[in-house]
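Welcome to my notebook. Here is what I looked up, entry by entry, with the structure alongside.

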Amino acid sequence: MIPRLWDFLILLLTTSLATCLLHVQKNEIRTFDSLDGLWTFVREPHNGGDIGIGNQWNTLDLDKFSNATVMPVPSAYNDIGTGSELRDHIGWVWYEKKEFVPLRDRNMRHVLRFASVNYFAVVYVNSEKVTSHTGGHLPFEVDVSSQIKFGAENKFTVAVNNTLSWSTIPQGDFNYQKLAQRNISGRILSRLPDGAVKNVGNFDFFNYAGILRTVQLVKIPSTHIQNINIVADHTGSFFFETAANNLDGIQVEVKMFDGDSNQVYTTNQTKGEGKLENAKLWWPRGMGDPNLYTLEVSLISDGELIDIYRETFGFRTVTWSDSQIFINSKPFYCLGFGMHEDFELIGRGFNQAVMTKDLNLLEWMGGNCYRTTHYPYSEERMFENDRRGIAVIVETPAVGLKGFSKANNNLHIKMLTDMIDRDKNHPSVFAWSLANEPQTAKKESRAYFKTLVDTAHGIDRTRPVTTVYGPTNFDNDETADLMDFICVNRYYGWYIDMGYIPWINQSVYWDISLWRETFHKPIIVTEYGADSIPGLNQEPSVDFSEQYQNEVIQETHHAFDALHKDHTITGEMIWNFADFMTGMTTTRAVGNHKGVFTRSRQAKIAAYTLRNRYLKRFDQTQLEIWD
Ligand code: GCB
């Protein structure tokens with residue numbers, strides 16, 4: 001059995017002792033070894049119980065196993081093999097890497113850091129269990145200084161289980177249930193074989209698993225900087241605070257630099273505030289340049305530098321009225337995308353080429369915004385958003401929630417807290433999304449979501465909090481009034497009234513304006529669209545043709561223009577940027593094809609329609625004169 005709630009409680013108890021999750025940096029003092037590359041890989045039998053844990057595979061050499069193979073890290077493992085067994089595997093897989101750790105660094109603290117392992121991970125160093133972690137998409141780390149053998153080869157082992165997908169915790173969609181029951185004479189009473197479990201979650205994307213992002217052995221000094229928090233606004237006012245694990249006899253030096261490396265502020269305090277005259281602001285694309293500053297924190301002992309960390313940030317303010325979102329006091333209209341971290345072969349594994357291509361295409365489209373549907377994206381990508389001026393709503397990995405138990409709520413709060421902690425200093429992040437399409441017509445969802453809103457506001461008062469609504473309507477949602485702004489997904493012309501394109505305009509206008517009249521909050525339409533199989537052409541259009549997808553979005557845009565004119569919406573996001581893989585169902589033909597790009601990132605007809613639209617509206621100073 002995988003410990004669920006218990007594991008989470010242990011995590012909570014240990015988090016305050018652990019080093020905080022600063023992004024990894026190489027500098028005068030800090031360094032790291034990458035553990036990326038080919039790891040030894042062993043798959044347990046499908047839905048096979050806990051054979052590896054039970055037989056202490058962590059003490060064995062996995063590379064001696066007869067079924068051992070290799071697996072690239074980072075990558076999802078699902079599409080790397082040749083058979084469906086690995087692709088559709090349920091249960092445990094094991095990773096092992098042997099690596100020398102040089103004597104040279106033995107005086108440093110050694111912290112083993114995983115940027116994302118999906119879904120449940122148990123980590124061992126030299127056979128000893130050092131930590132476990134629930135939930136993918138967010139980093140976790142553990143101090144392994146006392147387990148490491150310096151000047152020798154070390155064995156890193158990770159057992160990964162994909163059974164606990166986030167949204168399924170209360171529903172038990174993935175579990176070890178034996179669906180086949182027999183009567184006393186052994187006659188099978190069920191349609192399905194013993195142990196039959198589907199690798200399909202309550203979400204519309206493939207349940208990619210494994211070590212999805214980079215693994216590093218981070219080397220930091222024993223006295224070290226643990227956390228930096230910076231709030232800087234468009235008036236030039238700023239506040240910062242920094243924490244270290246030990247400040248006895250330590251001198252702190254804090255310096256702020258502008259984008260040309262000019263020092264603009266300095267102090268010897270761990271906390272400080274001030275005002276920068278003529279601060280160059282961070283703007284989203286189409287509103288100005290995304291100017292960045294750096295806060296450099298140094299720890300000095302007896303005149304010697306013992307730790308240093310540089311955090312980039314931006315001067316910018318997010319505010320909102322009852323109808324609009326403003327960045328630096330100017331109305332911001334989101335020209336955006338729902339996306340996925342998804343690509344051929346690597347699944348949800350991080351890849352620099354895919355990330356760069358996606359952001360280049362987003363810029364080519366004239367976009368200024370996206371939502372990290374449906375989980376926090378890689379850290380590398382967050383820095384790129386800052387640098388490129390792409391405004392982002394960051395979302396927790398909570399999709400299609402239908403149960404609102406206390407245990408789930410605690411885990412959700414933990415993930416939300418970790419997510420905000422990871423991304424809090426990125427100026428590109430303008431909002432936190434608590435969940436995608438929860439079943440919030442249920443009365444008990446209100447108290448659940450209240451705790452999430454309070455948590456986000458408690459940590460970060462500078463950004464609005466939202467939830468993305470799908471199954472609920474303006475007249476039955478129990479939580480929307482708790483949000484600072486509202487996101488709505490709507491598929492008129494696809495899931496509703498397929499084939500009736502002329503009806504879309506009025507339906508969208510009617511639906512969204514009623515949300516606005518009911519809640520008096522800014523609204524972003526975060527999903528709309530239609531599937532198209534690349535190259536499938538039909539005139540007149542039919543569903544799944546490129547023409548049909550194009551017409552659905554063109555017609556929806558008429559409604560958006562009217563809604564924008566009436567100050568009812570403050571943004572729009574197409575679903576989806578690119579085609580992506582899903583589990584098998586009758587409505588998906590090798591994945592979801594609502595991309596305006598194919599899965600290999602080639603433009604469909606709809607991409608040109610959207611590009612024309614976004615480029616025409618790209619200059620946000622012209623917002624009021626679109627029509
Ligand atoms: C939605 C979901 C998204 C799906 C999309 C669809 O509402 O938020 O995850 O992929 O619809 O294509 O059905």
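**Cysteines**

I began with Cys487, which counts as buried at 0% relative accessibility (buried means under 20% relative accessible area, with a 1.4 Å probe and protein chains only). Before going on, I noted that this is a predicted model, where local features need pLDDT of at least 70, side-chain atom pairs count only at pLDDT 80 or more, and totals for chains, interfaces and linings use all residues. Residues are numbered from 1 along each chain as its sequence is written, and side-chain values use heavy atoms, leaving out hydrogens and water.

Next I looked for a partner: the closest cysteine sulfur to that of Cys487 is in Cys334, 8.5 Å away, so the two are too far apart for a bond. Cys334 is buried as well, at 0% relative accessibility. Searching the whole structure, I found 0 disulfides (pairs of cysteine sulfur atoms within 2.5 Å).

**The ligand**

Which residues are closest to the ligand? I found 13 residues around the ligand, the closest being Asp204, His374, Glu437, Tyr495 and Lys594 (a residue counts if one of its heavy atoms lies within 4 Å). I sorted this shell into 4 nonpolar, 4 polar and 5 charged residues.

Then I checked polar contacts, pairs of N or O atoms within 3.5 Å. A polar side-chain atom of Tyr495 lies 2.4 Å from a ligand oxygen. For a side-chain N or O atom of Lys594, the distance to a ligand oxygen is 2.6 Å, and for one of Asn592 it is 2.8 Å.

Key:
Polar contact = N/O pair within 3.5 Å; in protein donor to acceptor, adjacent residues only side chain to side chain. Nonpolar A, V, L, I, M, F, W, Y, C, P; charged D, E, K, R; others polar. Buried < 20%, exposed > 50% of the residue type's maximum accessible area, 1.4 Å probe, protein only.
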